[in-house]
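Subject: Structure handover

Hello,

Here is the structure I promised to pass on. Please open it first, then read the notes below.

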Amino acid sequence: MAKRKYISSKNNQKLQEIGRTILQFMNKQSSKIYNYKQIADGIDFKNPRQRELVVQALHKLLADQRIEEVSKGKYIINLRIEGTLTGIIDFNQSGNAYVNVEELDDDVFIHSKNVKDALQGDTVVIVTYQYKGKKMEGSVVEVTHRKRTDFVGTFEYIPHKEFGFVVSDKKNFNTDIFVRKDKFNGAKHGDKVVVKMIGWRPGDKNPEGEITQVLGAPGEHETEIHSILAEYGLPYEFPEEVELEADAIDREIRDEEVAKRWDMRNILTLTIDPKDAKDFDDALSIRKLENGNWEIGVHIADVSHYVRPGTRLDDEAYSRATSIYLVDRVVPMLPEVLSNGVCSLRPNEDKYTFSAVFEMDDQAEIRKEWFGRTVTHSDRRFTYEEAQERIETGQGELAEEILTFDRLAKILRAKRIRDGAITFDRSEVRFNLDENNEPVGVYFKISKDSNHLIEEFMLLANRKVSEFVSLNRKGTPTNNTFIYRIHDDPNPTKLEALRDFVSTFGYKMDLANTKKVTESMNTLLQKVKGKPEENMIETLAMRSMSKAVYSTNPIGHYGLGFEYYSHFTSPIRRYPDLIAHRLLQHYLDGGKSPNRNDVEEKAKHCSAMERLAADAERDSIKFMQVKFMEKHLGETFEGVISGVAEFGFWVQIPENGAEGLIKLRDLTDDSYSFDASTHAVRGSRHGKQFQLGDKVKIKVMKANLIAKQLDFKIVD
């Protein structure tokens, strides 16, 4: 009987390392067949002993089904092995990446040499390795779905050659796109362009593309704003046939249509909006009833009357799914004739509306509710500032009515917080622009009582519409298909990390149960008000929360503390609200529950478009902040460390919200390394550290409009 060969654990570990190297080499061309000599040469194993180890490692990979033997002595990567995982790839600025796999708690690290032909956001299949007690690593085997094929960048023509490259503005875009001369399509060296990726052949270093649009000169205002929209695939013009369809809409208020609705034109109605608003989605009406209660109407533009399923107008609205609010303009979901005209609840005009009407007592308890289509007439348009003045002084036109709204809203708000709502109330950066859209000043939008007034009545309408569809009179679920705005419970690990971090500032959090978490969060947010660490702790608290999305599954809204919640109050600028209007009317007409899958598909699309719009809005703010700070190059400011990473940390200037990067390589007084557990970088020799929330003095060194990035330098 032959003696059995035993492989020592040390040798086994060695073979695993060689196997990992072999897979990385074979992954570069995963469709290619190799013999063992090609593999040995490819990983630079030349002598006989090394080649013997390659053979042993290949046998182990075969046994583990990581490779296949297609014929004797010839091998190929096994793309169907059980050990593969699928996820979304996310690149960092260094060219390395992480793959988010649903079934894993931690992302899988992918070194830049193992990303193959994957690009930011692609769905990829990976093989994983775990060796020497290190964290899991992986290699991309194949890209199964491209997130996108159109990209924005700067065109670089190679002199005296028949080709050029498009270099992306995004730091996490890991390759340049090769463009042949016949695909330039009028682009000149230095132009900002849109390029379409048309292929990426195995073995080629770069994908090949075709320039489809020349946006203009980098750094120019219009070029950069259009670049932001193009980067996210967002349109800035409506197709002609959509505009024509919108122009043809009947704008008259017809008697036969009024007869089908509750005519509320004789009831005092007003709007409260930002001073620069043009699309008025919502209005409030108020009247005192004979029994002493208040009738409060929440009236919403009846977009569903004008935008009908199956029309080009509806298809375009669904495709956009949301209006996009950039710093200097709005890219509307609906053509202007609708968004700012026929649907907008402008003062002194009769309008078709969809309403939630509540009978309330003086304690804001709801005694009756009604939902349906109405006709209303806005008697007065207020800005938030005008309404706030009446709340603070008790003087002015309709002051008594606004004070009543305010009193009832404050009762609703207090009850909502008692019931578990979290009160994130972050200020938002805004810019004063001159006639050329140049930023001449920065200010912060801060919510006051007049903002909270509108917010509370909109939240009430959204919640009550959702409950009306979802619960019968006994309070048991109807299981009717509806589109909900859901917000899942926060990740416990992130909450624990937040608790541990804020404890270093002397704040305590109790995570024993949901009620304690919300109480602790509200207490924390209240205590940090006005403190240097306010913005940083609010940011970390926000990051500990889940993302709110649209869904047909009513799991509730954690942040608001509502069991059922939907978006109903902004159909001019949000397509989910239009879906909610249609479904509500369907049920009011006695209709049966429609197919859930159809609505779920729409919900997912709307969630995805909302994320894109938020990213575009954030980029436009960054661009304008960099543009504003261009005028302050060389100046020094007091700042607060707002983010920390392996390569550096960010500092935010509180007075204008601008954020700049301090690169670790520019800190020459020591060798600094990143400590994720304390959100800090620390010097190895002197122990000096820079931690999230620390105050520092900085000098503005560079303002890069194209990358939308500021570089700062620490000033002692």
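A residue is called buried under 20% relative accessible area, exposed over 50%, and partly exposed in between (1.4 Å probe, protein chains only). By that rule Arg-430 is partly exposed, with a relative accessible area of 29%.

Some ground rules. This is a predicted model, in which local features need pLDDT of at least 70 and side-chain atom pairs count only at pLDDT 80 or more, while totals for chains, interfaces and linings use all residues. Residues are numbered from 1 along each chain as its sequence is written, and side-chain values use heavy atoms, with hydrogens and water left out.

Salt bridges

A salt bridge here is a side-chain nitrogen of Lys or Arg within 4 Å of a carboxyl oxygen of Asp or Glu. The structure holds 51 of them. Arg-430 bridges to Glu-428, with the closest N and O atoms 2.9 Å apart. Glu-428 is partly exposed, at 37%.

Asp-328 and Arg-329 also meet in a salt bridge, at 2.7 Å from N to O. Asp-328 is buried at 17%. Arg-329 is partly exposed at 23%.

Next comes a pair in a helix. Helices (H or I, at least four residues) and strands (E, at least two) are DSSP runs, numbered from the N terminus. Arg-618 and Asp-615 form a salt bridge of 2.4 Å, N to O. They are three residues apart in helix H17 (residues 596-629), so about one helical turn separates them. Arg-618 is partly exposed at 44%, and Asp-615 is partly exposed at 26%.

There is also a salt-bridge network: Glu-257, Lys-260, Arg-261, Asp-302 and Arg-373 are linked in it.

The sheet

Two strands pair if DSSP finds at least two bridges between them. Seven strands form an open sheet with mixed pairing, in the order S14-S21-S20-S17-S16-S15-S22. Strands S14 (262-263) and S22 (380-383) are at the edges with a single partner strand each, so one side of each has no neighbour in the sheet. Within the sheet, S16 (residues 282-288) and S17 (residues 294-301) pair in the antiparallel sense over seven bridges. Arg-287 stands opposite Glu-295 in S17.

Ser-378 sits in the loop between S21 (366-377) and S22. Ser-378 is buried, at 3%.

Aromatic rings

Rings of Phe, Tyr and Trp (its six-membered ring) pair if their centres lie within 6.5 Å; planes under 30 degrees apart count as stacked, over 60 as edge-to-face and the rest as tilted. The count comes to 22 aromatic pairs. Tyr-157 and Phe-184 have ring centres 5.7 Å apart and planes at 85°, so the pair is edge-to-face. Tyr-157 is in strand S9 (residues 150-157) and Phe-184 in the loop between S11 (177-180) and S12 (192-199), so the pair ties together parts 27 residues apart in sequence. Phe-184 is buried at 9%. Phe-354 and Phe-568 are edge-to-face too, at 5.8 Å centre to centre and 80° between the planes. Phe-354 and Phe-568 are 214 residues apart, and both are buried.
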